[in-house]
Amino acid sequence: GRVLRRGRRRRARMRTMDEDDATTREEEDETTRHADEAASGRRGARATRETRWGGAFVCFVGAKQRGSASSSSRGGAATGGRCRRRSELVALEELGCEMKRDFGAAGFLAAAREANVHECEDSGMLAVFVGELENLEEMARDCDLPSDANPAHVVTQLRSTYGTHFLDELKGSWAFAMVHPQRDAVFAAVDRDGTHTIYRGRGCEGGVIIMYAPRGSSFNPRQCAALDVFELTKVPAGSFISGNKHISPHRYVMTKSDQDLADTYNTFDDIQYGGGDGTGLNDFSKLKASLETPSAD
């Protein structure tokens, strides 16, 4: 009997040890599973941020030649050769972009794969869009496109149809740029809050660069030696640039600083929207200058 009892106790201890080992393995498996889920969540969050903020892009357009309708028909080398080479170097090596379209002498557009890109078959105009267009479905419907259309396609159609008068209708956090090779021109805009920072620059040999590096990127355009051939400045919030020879930013919506100024000095009713210059913009520059100019008294 004592032998049987010892055997039962030994078997009971072994069962207990087996159960403890099984519990330990389950706990280890659960810990591993949680770690894998956390890592997957971090990867998913990172992918979501990359999708939301979009990938980098660089647009370059050569300087217009006097008396030439389009640089694509010049037959010679592209103007601003050094500036173009530097732009390509930054786009492909510093920002990891892929060459989306080379317009020959007219310029190029390069973008990371996270960015939305669209090329118009009829005009050859190429657009790149980053960020999130909250009212994409509504804007797509306005230009007879599917509700899930590429936002780069949508803004291209809106640009062709409405000029600049669609910008204040775009909701969300976004930035985009377009290259029109037949006109040697660029068009770019940022949302009213300036969530995405894009830079514009005039090259020392002529030509224009438009570039964007995603939020959180370690790349700083103003500290990049390859870009020392450009005079780079940010495109202000709620503004757009257009053209080639003149790429000064134009305001398409009144920003908070303008609203504060208008509220403070009670001048909003005195400043007509559109101001008679055909741009549809509120121009507060003269008002600011008059307020900052010392009185003759």
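Modeller: Start with Arg 101, which is partly exposed at a relative accessible area of 31%. Buried means under 20% relative accessible area, exposed over 50%, and partly exposed in between, with a 1.4 Å probe and protein chains only. The model is predicted, so local features need pLDDT of at least 70 and side-chain atom pairs count only at pLDDT 80 or more, while totals for chains, interfaces and linings use all residues. Residues are numbered from 1 along each chain as its sequence is written, and side-chain values use heavy atoms, with hydrogens and water left out.

Colleague: With which residue does Arg 101 form a salt bridge?

Modeller: A salt bridge is a side-chain nitrogen of Lys or Arg within 4 Å of a carboxyl oxygen of Asp or Glu. Arg 101 forms one with Glu 119, and their closest N and O atoms are 2.8 Å apart. This pair links distant parts of the chain, since Arg 101 is in strand S2 (residues 98-102) and Glu 119 in strand S4 (residues 116-119), 18 residues apart. Helices (H or I, at least four residues) and strands (E, at least two) are DSSP runs, numbered from the N terminus. Glu 119 is partly exposed as well, at 32%.

Colleague: How many salt bridges does the structure hold?

Modeller: Seven. One of them joins the side chains of Asp 228 and Arg 86 (2.8 Å, N to O). Asp 228 lies in the loop between S9 and strand S10 (230-234) and Arg 86 in helix H2 (residues 81-94), so this pair ties together parts that are 142 residues apart in sequence. Asp 228 is exposed at 56% relative accessibility, whereas Arg 86 is partly exposed at 21%. Arg 84, Glu 88 and Asp 102 are linked in a network of salt bridges.

Colleague: Is strand S1 largely enclosed or open?

Modeller: In a regular strand the side chains alternate between the two faces of the sheet. In S1, Phe 57, Cys 59 and Val 61 point one way, Val 58 and Phe 60 the other, and all are buried. Five of the five residues of S1 (residues 57-61) are buried, so the strand is largely enclosed by the rest of the structure.

Colleague: Which strands are joined to S1?

Modeller: Two strands pair if DSSP finds at least two bridges between them. Five bridges join S1 to S3 (residues 107-111), running antiparallel, and Phe 60 stands opposite Phe 108 there. Five bridges also join S1 to S9 (residues 208-212), again antiparallel, where Met 211 is the bridge partner of Val 58.
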